[in-house]
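Let's take a guided walk through a protein structure together.

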Amino acid sequence: MRLSRYFLPVMKETPSEAQIVSHRYMLRAGMIKQNAAGIYSWLPLGFKVLRKLENIVHEEQMRAGHIPMLMPTLQPADLWRESGRYDDYGEEMLRVTDRQGRDMLYGPTNEEMITDIFRSHVGSYKDLPLTLYHIQWKFRDEMRPRFGVMRGREFFMKDGYNFDLTKEDALHAYNRHLVSYLRTYERMGLQAIPMRADSGPIGGDDTHEFLVLAETGESEVFYDSAVTDLKFGTRTIDYDNHAACAGIMEEFTSKYARTDETHDEALFNEVPEERRRVARGIEVGQIFYFGTKYSEAMGATVQGPDGKVTPVHMGSHGIGVSRLLGAIIEASHDDKGIIWPEGVTPFHCGIVNLKQGDVEADAACEALYDSLTALGLDPLYDDRKERAGGKFATMDLIGLPWRITVGPRGLKNGVVELTSRRTGESVEMAPEQAVEKIAQIYKGLTVHGI
Ligand code: ATP
Ligand code: MG
């Protein structure tokens, strides 16, 4: 993309309504525009990152054997009357009436709808195990929408639902989700710690939330610092292997890590004192096993191998895709702007032309742009007639992890400069070498976007 043709409405001033750094930078970098409290338009740069996160979530869900689909945002109230949650859900649910006078609602989550789909089509244990998911906009009329996309009213969420014959199989689905979530967050350059949590209005006993540690997080968390040393890394796993998934669950959840809802002071005090941490975290996902709560209420049953008809065991599993943008920025920025991890960056690198209009500098930039694009990479070329200082400030603010700087002086010696946004370190090299280096960095990482 050439910046002169893009839509990147960056702001110099710090918007006064933004209280936390991710919100400030998302506004300043021209990623989002608020349309109403907690409701945002995703401008091109923000949309690009949102799509990348969505793609990573899809890839990791499908890798785990979960099947993508799409349910609508508007739901009939009757389904929620069946489960009993229409009255329970309270003021967070946005209720609307259509022209026929039918009660509808903008879905805050989809347990009822998916259970309805399941009961319409599945009747035998032979169709299990089954996990269906979608990534769709949700609406919750939050009392205090704030912090930009972090606590919106309309937000983008992945929610998946497992259907299993037995509790044991459903707990395997729970473990499988934990593993797939660990992989998902790590690919986004994040550490999200699974913590024992409270199930709230969804119901059920087994639930973990995934928290990214950040001072601006809304949850208070208590943990053994040894959990921060755990990494899933590059290991491979057979998602059908119950013992292997249970092993990862054990590894990542046996050390003390809880949110304030389930915090137990006595247990916490068993952690060696020097490893006890009290901090704040951002909830970026949650997994639940809730047994037959919805299947019993809504008649989602299957015939087992013994011919007996029983309600299926279910769980639901959510990732806050739009909230993740804020969480990533909270975890990765400096005083100049965002620093995107390579796995989610909107453009793979920036090209800064120090002297737009100079025949050689222009030609060198075009050549770099073409070579990178030919490799399937997506560079952002700042081809505007601007001062170098302004171009650097924009690149730093929008946070592309790599920048190639091209100027007449370097070109006389046959070199351009490759700069890491994270370390600030610059190295001079031939333009072809810079292209090769960038290609190497992104090898194996998601490169597709919009
Ligand atoms: P919270 O406690 O933050 O209100 P929740 O526990 O009610 O969230 P879940 O039902 O677990 O939310 O939804 C799954 C994920 O969706 C959450 O882990 C979170 O990342 C995201 N999420 C929930 N509410 C919002 C919101 N208002 N804005 C943005 N993301 C949200
Ligand atoms: Mg939650």
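What you see is a predicted model, in which local features need pLDDT of at least 70 and side-chain atom pairs count only at pLDDT 80 or more, while totals for chains, interfaces and linings use all residues. Residues are numbered from 1 along each chain as its sequence is written, chains are lettered from A and ligands numbered from 1 in the order in which they are written, and side-chain values use heavy atoms, with hydrogens and water left out.

Start with the overall view. The secondary structure of the chain comes to 14 helices and 23 strands (DSSP runs numbered from the N terminus: H or I of at least four residues for helices, E of at least two for strands). With a radius of gyration of 24 Å, close to the 22 Å that the globule rule gives for 450 residues, the chain is as compact as a globular protein of that length (the radius is taken over C-alpha atoms, and the rule is 2.2 Å times the number of residues to the power 0.38). Along the principal axes, the C-alpha atoms fill a box of roughly 80 × 60 × 40 Å. Of the 450 residues, 54% are buried (buried means under 20% relative accessible area, exposed over 50%, and partly exposed in between, with a 1.4 Å probe and protein chains only).

Now look inside. In soluble globular proteins, nonpolar side chains tend to be buried together. A nonpolar core is a set of buried Ala, Val, Leu, Ile, Met, Phe, Trp, Tyr and Cys residues joined through side-chain atoms within 4.5 Å. The largest one here has 69 residues, and those touching the most other members include Leu-53, Phe-210 and Trp-340. Helix H6 (residues 167–187) gives the most to this core, with seven residues. Apart from it lies another core of 25 residues, among them Met-71 and Tyr-294.

In H2, 14 of the 20 residues are buried. After the helix comes Gly-65, with a positive phi near 90°.

Strand S10 (residues 206–213) has six of its eight residues buried. Four bridges join S10 to strand S9 (residues 193–196), and the two run antiparallel (strands pair if DSSP finds at least two bridges between them). Here Phe-210 is the bridge partner of Pro-194. S10 also pairs with strand S13 (residues 276–291), in the antiparallel sense over eight bridges, and there Asp-206 has Tyr-289 as its partner.

Which residues coordinate the magnesium ion? They are Glu-283 (OE) and Gln-286 (OE1), at 1.9 to 2.2 Å (donors are N, O and S atoms within 2.8 Å of the metal, or 3.2 Å for Na, K and Ca; water is not among the atoms, so sites may look incomplete). Glu-283 is partly exposed, at 24% relative accessible area, whereas Gln-286 is buried, at 11%.

Finally, find Ser-426 in strand S23 (residues 426–429). Ser-426 is partly exposed, with a relative accessible area of 36%.
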